[in-house]
Amino acid sequence: MRRHSRRIFNICYRFTGNRTESQDLSQDVFLRVYRTLGSYRSAHGGFATWMTSVTRNLLIDHYRRTKRDRVTDSLDDKMPVVENKESAGRRPDEQALLGELSGQVQSALTRLSPELREAVILRDLQQLEYSEIQQVLAVPEGTVKSRINRGRIELARILQQMGVRPS
Amino acid sequence: MNWTCEQTEARLSDYLDGLLQPVEQSAFNRHVNTCEKCAPLVAGVARALGGLYALEPVEVPAELEDAILTATLGAPSWRNLRRWLKGLQSPRFVYSMASVAATLVIILTASGFSLRKPKLADLAPATIFSKTNSKAHRFYAQSVKFVSDLRVVYEIQTRLSENEQNPGTREQPAPQNSPDKQPGRTDNTNPSAPKQQNRADEIGRSLRILAAQFPVLSGSSGERRMP
């Protein structure tokens with residue numbers, strides 16, 4: 001359980017950028033997994049992939065519920081305000097733990113649109129294969145590749161707008 | 001091979017993942033090296049990817065695991081009870097309890113404790129000791145009697161076989177203090193067991209009558225049928 005909780009919490013944190021929300025969401029994921037364990041079929045993929053699907057669905061539900069994410073959905077004109085929000089939402093020890101680039105990347109991630117964000121997180125942070133991402137997102141492989149590509153480019157643009165220059 | 005800016009953007013992930021064909025790779029490189037728009041794009045995406053890969057896994061809050069267990073399995077007290085009950089299902093515990101129960105049943109049975117009409121007084125140590133002592137003595141006496149009976153039967157069989165083999169010596173008394181005396185065989189040297197000798201004589205007589213009436217049961221029936 002420790003291994004799964006660590007993985008799920010990391011996915012939630014990279015998606016929301018907030019520890020408290022991530023903890024609540026991780027708890028909800030395990031609760032849903034516990035209640036719907038009977039619906040799991042090994043033929044539909046590994047248990048970890050199934051858990052990731054449950055996590056993704058809960059994250060999307062959470063995104064739709066929260067107004068803050070609706071505001072941050074716009075990528076171009078809300079940058080400084082959102083950055084201040086992120087800084088204000090974190091504890092000082094969290095802020096200290098984040099390196100400069102890591103903090104900027106995390107901030108940029110939370111400004112990606114949810115569909116691009118989840119694709120980038122699953123591919124570049126969770127190191128899932130395209131076929132596994134296809135199962136989690138329930139979209140064709142071409143769409144998965146396209147979202148990952150667009151997500152990376154969008155992330156680079158956001159980082160550039162934040163002042164992070166290519167070395 | 002011509003390469004456009006749109007192609008660069010569309011195939012950027014393939015380039016970064018090393019999935020381009022050699023021809024495409026060289027065309028991509030030629031275009032990026034000469035295009036002012038695509039060069040910073042590729043460098044920026046590579047930088048973003050480097051930043052993503054450099055992200056360390058976030059430490060999980062210490063209370064998360066407990067919160068998950070509480071949400072799924074209930075409060076800690078209930079979890080402990082469940083864990084304890086689950087431990088009772090282990091084969092080792094079941095075997096141990098079965099052996100303990102069997103030992104208790106044996107001890108209670110030996111002490112004369114009635115499971116149908118249990119009394120608290122029967123569980124007193126003095127009662128258990130006296131009943132167990134009595135039962136043990138009774139068991140010893142029964143065992144001695146059983147062994148004695150076996151000796152009598154063995155003696156009868158021996159005497160019968162001797163009589164059948166040597167009919168002339170049937171009524172001869174056993175030699176006094178014979179050195180090759182069979183174990184358990186009675187003779188006149190043991191005046192302390194007259195009842196046993198009488199009983200052996202009675203059984204011996206009965207067996208001889210039976211052997212005469214039913215020669216088939218006797219081992220020498222084949223010889224008797226001979227004229």
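## Exercises on a predicted two-chain model

From the N terminus on, chain A runs α-α-α-α-α-α-α-α-α-α, where helices (H or I, at least four residues) and strands (E, at least two) are DSSP runs, numbered from the N terminus. Residues are numbered from 1 along each chain as its sequence is written, and chains are lettered from A and ligands numbered from 1 in the order in which they are written. This is a predicted model, in which local features need pLDDT of at least 70, side-chain atom pairs count only at pLDDT 80 or more, and totals for chains, interfaces and linings use all residues.

### Exercise 1: Confidence

Find the mean pLDDT of each chain, and locate the stretches where pLDDT stays under 50.

*Solution.* Let's begin with the scale: pLDDT is the predictor's confidence in each residue, from 0 to 100.

- Step 1. Chain A has a mean of 80, with 77% of its residues at 70 or more.
- Step 2. Chain B averages 79, and 78% of the residues score at least 70.
- Step 3. In chain A, pLDDT stays under 50 over residues 74–88, for which the model has 14 contacts beyond four places in sequence. Here two residues are in contact if their C-beta atoms, placed from the backbone, lie within 7 Å.
- Step 4. In chain B, residues 220–227 stay under 50, and the model has 4 such contacts for them.
- Step 5. Where pLDDT is low, the predicted coordinates should not be read in detail.
- Step 6. For the complex, the predictor gives an ipTM of 0.75 and a pTM of 0.55.

### Exercise 2: Chain totals

*Solution.* A residue is buried if 20 or more other C-beta atoms lie within 10 Å of its own, exposed if 12 or fewer, and partly exposed in between, with C-beta atoms placed from the backbone.

### Exercise 3: Helix spans

Check the spans of α2(A) and α8(B), then list their buried residues.

*Solution.* The expected span is 1.5 Å times one less than the number of residues.

- Step 1. Helix α2(A), residues 19–35, has 17 residues and should therefore span 24 Å; its end C-alpha atoms are 24 Å apart, which agrees.
- Step 2. Among the buried residues of α2(A) are Arg19(A), Leu25(A), Asp28(A), Phe30(A) and Val33(A).
- Step 3. Helix α8(B), residues 125–165, has 41 residues and reaches 60 Å from its first C-alpha to its last, close to the 60 Å expected.
- Step 4. α8(B) is hardly covered, with 3 of its 41 residues buried: Glu155(B), Ile156(B) and Arg159(B).

### Exercise 4: A helix pair in chain A

How do the axes of α8(A) and α10(A) cross, and into which classes do the contact residues divide?

*Solution.* Axes are lines fitted to C-alpha atoms, for helices over the stretch in contact, and angles run from 0 to 180 degrees between N-to-C directions.

- Step 1. The axes of α8(A), residues 114–125, and α10(A), residues 141–161, come within 8 Å and cross at roughly 95°.
- Step 2. The two helices are therefore roughly perpendicular (angles under 35 degrees count as roughly parallel, over 145 as roughly antiparallel, 65 to 115 as roughly perpendicular and the rest as oblique).
- Step 3. The contact includes Leu116(A) and Val120(A) of α8(A), and Ile148(A) and Leu155(A) of α10(A).
- Step 4. By class, the contact residues are 6 nonpolar, 1 polar and 7 charged (Ala, Val, Leu, Ile, Met, Phe, Trp, Tyr, Cys and Pro count as nonpolar, Asp, Glu, Lys and Arg as charged, and the others, Gly among them, as polar).

### Exercise 5: Where the chains touch

Which element of chain B gives the most residues to the side that touches chain A?

*Solution.* 

- Step 1. 25 residues of chain B are in contact with 30 residues of chain A.
- Step 2. α2, α4 and α5 of chain B each give two or more residues to this side of chain B.
- Step 3. α4(B) gives the most, with 10 residues.
- Step 4. This side of chain B has 18 nonpolar, 4 polar and 3 charged residues.
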